[in-house]
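Here is a friendly walk through the model shown below. Keep the structure open beside the text and look up each residue as it comes along.

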There are 2 protein chains.
Amino acid sequence: MRNVTKDNITDVFVGYMGPDMDPRMKEVMTSLVRHMHDFARDVNLTHEEWRAGIAFLEGCAAVETEDRHEFVLASDVLGLSSLVDMLHSSPEATSSSVLGPFHVAGAPDLPVGGDMKRDFPGPVLVATGIVKDTDGNPIEGATLDIWQTAPNGLYASQDDAQDTYSFHGLQKTGADGRYAFTTVKPVEYTVPSDGPVGDILRACGRHPWRPSHLHFIAEAPGFRPLVTEVFPDDDPYLDQDTVFGVRDDLVMSYQNMPAGSFPDGFALSGSVDEPYLRVDFDLTLVRHSV
Amino acid sequence: MRNVTKDNITDVFVGYMGPDMDPRMKEVMTSLVRHMHDFARDVNLTHEEWRAGIAFLEGCAAVETEDRHEFVLASDVLGLSSLVDMLHSSPEATSSSVLGPFHVAGAPDLPVGGDMKRDFPGPVLVATGIVKDTDGNPIEGATLDIWQTAPNGLYASQDDAQDTYSFHGLQKTGADGRYAFTTVKPVEYTVPSDGPVGDILRACGRHPWRPSHLHFIAEAPGFRPLVTEVFPDDDPYLDQDTVFGVRDDLVMSYQNMPAGSFPDGFALSGSVDEPYLRVDFDLTLVRHSV
């Protein structure tokens, strides 16, 4: 097309695509570019604003490292990550929620009832539940990849003072489908706000806080993997999670348990004669469609 | 919002924005995120496709340097750069066209009639025209920032064999508004296709070619700056410029001029007794609105 105009450029783009292109790629690129062009037309995007957008992407590039995933964070705070999660959640399964940028593969084994708290300070939390199918049957041999922040609000990957895998564990369920571990109560924390994503949050009058949570990836042969989180029902940021991760069925009561009631089968490096917290959270997985 | 869903997340995003936010920022971010979410919903974007998008951005980040602007290139081949140009073109002015990722600020002065070709091989091209206002009056003291590829199809910033500013010049018009210089006929060239943007082009069954062109940024006190290009009317890529830069009024005939007719007032380091090419291209600027 020799005379491209603001009104025909989207069709010109579509016309440039080749006949042998993968049909799904064509569908996705057509929709992506149509929405991108409609956005520019709808707001009459200026050169200055376009440059600000490019500068944002270049700013993300400048801080991106193996341990700092600014593009993922941008997707998280704009709600795209959560939206993709929800588009592919099964209504019969536990809701999925954001993976976030801090998951580290290769966590060490954590036996059922194992201790992730070790010598870190903070309230003891006992977390347990059943990994089950949609009929309520326990799933044996499910693996749970579990991670959370340390009491200082930092993940191991953000914190030189922690081991690579502190507050990370990989647990396998037995015949009863039960998982169980001892940890410290997670704290609310802020997503990294010293980069371009933080600038966007400030420009939008938003805070960088997330409600406290434990992360899980649950996998079992024959079932769809589930990435999710569990939140305590008294968290002040439940209604304004900056990455849009809260779902009703992921909000649980963290019960205050009295001294002397520490359950059998849970390891703890400190005293078992103190009050502690307990959360029960079952994870329901759906089978792969056949 | 405690129970974010795929249907309410866009409104939740809008609800998170603070009351003191800049109104234009709010308008742009609302439209951007609404289109981004609609895109994901329209195509039912999968996690795998989301990861491919993140990997694309991270791949751009990995090749981005001071001289390699992959995010700008992505905007160019998706038509966004040209669309923004066209949204802000004045119908009375010469059409604007893409700046592209290769402009380098600080070009050396090029006197009227000066020689950019120097000792490079290739067909001699004489380029000239009047910088004028919308009433046809010449503009004195307009500056033209001129750049193009060398005969090998590379810009100076892409080519270690060239000086920083080879085929770059800054020219100021006199009372007659005339610009004039000697150069080499530009060649068709490919945008850089060895990075993530090249992968997108290939996946879309597209080529990376641009028709040959000279770039101009024209500026004059009291007038809106104009970023544009001029194309020869016999170029094979006029109808499929991979960055959507061609407009009817930017396509000019490059006239074949006989030996012995080389015009006065044009410098040339080689023989002036050979045939050469000539393009006449006037640039019309509009005044800043008052």
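## Where the two chains meet

In this predicted model, the contact takes 67 residues from chain B and 67 residues from chain A, where two residues are in contact if their C-beta atoms, placed from the backbone, lie within 7 Å. On the side of chain B that touches chain A, at least two residues each come from helix H1 (9-16), helix H2 (23-43), helix H3 (47-63), helix H4 (70-77) and helix H5 (80-87) of chain B. H2(B) gives the most to that side, with 16 residues. Sorted by class, the side of chain B that touches chain A holds 38 nonpolar, 15 polar and 14 charged residues. Here Ala, Val, Leu, Ile, Met, Phe, Trp, Tyr, Cys and Pro count as nonpolar, Asp, Glu, Lys and Arg as charged, and the others, Gly among them, as polar.

A few words on conventions. Residues are numbered from 1 along each chain as its sequence is written, while chains are lettered from A and ligands numbered from 1 in the order in which they are written. Because the model is predicted, local features need pLDDT of at least 70 and side-chain atom pairs count only at pLDDT 80 or more, whereas totals for chains, interfaces and linings use all residues. Helices (H or I, at least four residues) and strands (E, at least two) are DSSP runs, numbered from the N terminus.

## Helix H4 in both chains

How many of the residues of helix H4 (residues 70-77) of chain A are buried? The count is 8 of the 8, so H4(A) is largely enclosed by the rest of the structure. A residue is buried if 20 or more other C-beta atoms lie within 10 Å of its own, exposed if 12 or fewer, and partly exposed in between, with C-beta atoms placed from the backbone. The buried residues of H4(A) include Glu70(A), Phe71(A) and Asp76(A). Their cover includes H3, helix H5 (80-87) and helix H6 (196-203) of chain A, together with H3 of chain B. Just after H4(A) comes Gly79(A), with a positive phi of about 85 degrees.

In chain B, the axes of H4(B) and helix H6 (residues 196-203) come within 9 Å and cross at roughly 20 degrees. Axes are lines fitted to C-alpha atoms, for helices over the stretch in contact, and angles run from 0 to 180 degrees between N-to-C directions. H4(B) and H6(B) are therefore roughly parallel to each other; angles under 35 degrees count as roughly parallel, over 145 as roughly antiparallel, 65 to 115 as roughly perpendicular and the rest as oblique. From H4(B), Glu70(B), Leu73(B), Ala74(B) and Val77(B) meet Pro196(B), Val197(B), Ile200(B) and Leu201(B) of H6(B). The residues of this contact divide into 7 nonpolar, no polar and 1 charged.

Strand S5 (residues 178-184) of chain B has 6 of its 7 residues buried, so it is largely enclosed by the rest of the structure. In chain A, strand S5 (residues 178-184) is mostly covered, with 5 of its 7 residues buried. The table lists strand pairings with S5; two strands pair if DSSP finds at least two bridges between them.

| Strand pair | Sense | Bridges | A facing pair |
|---|---|---|---|
| S1(B) and S5(B) | parallel | 2 bridges | Gly114(B) and Phe181(B) |
| S1(A) and S5(A) | parallel | 2 bridges | Gly114(A) and Phe181(A) |

## An open sheet in chain B

In chain B, 5 strands form an open sheet of mixed pairing, in the order S4-S3-S8-S9-S10. Its edge strands are strand S4 (168-172) and S10 of chain B, each pairing on one side only. Strand S3 (residues 143-147) of chain B pairs with S4(B) in the antiparallel sense over 5 bridges, and Ile146(B) has Gly169(B) as its bridge partner in S4(B).

## Two loop residues with positive phi

Asn44(A) is not a glycine, yet its phi is positive, at about 50 degrees. Asn44(A) lies in the loop between helix H2 (23-43) and helix H3 (47-63) of chain A. Is Asn44(A) buried or partly exposed? With 13 other C-beta atoms within 10 Å, Asn44(A) is partly exposed.

Phe244(B), also a residue other than glycine, has a positive phi near 65 degrees. Its place is the loop between strand S9 (226-232) and strand S10 (251-252) of chain B. Phe244(B) is buried, with 26 other C-beta atoms within 10 Å.
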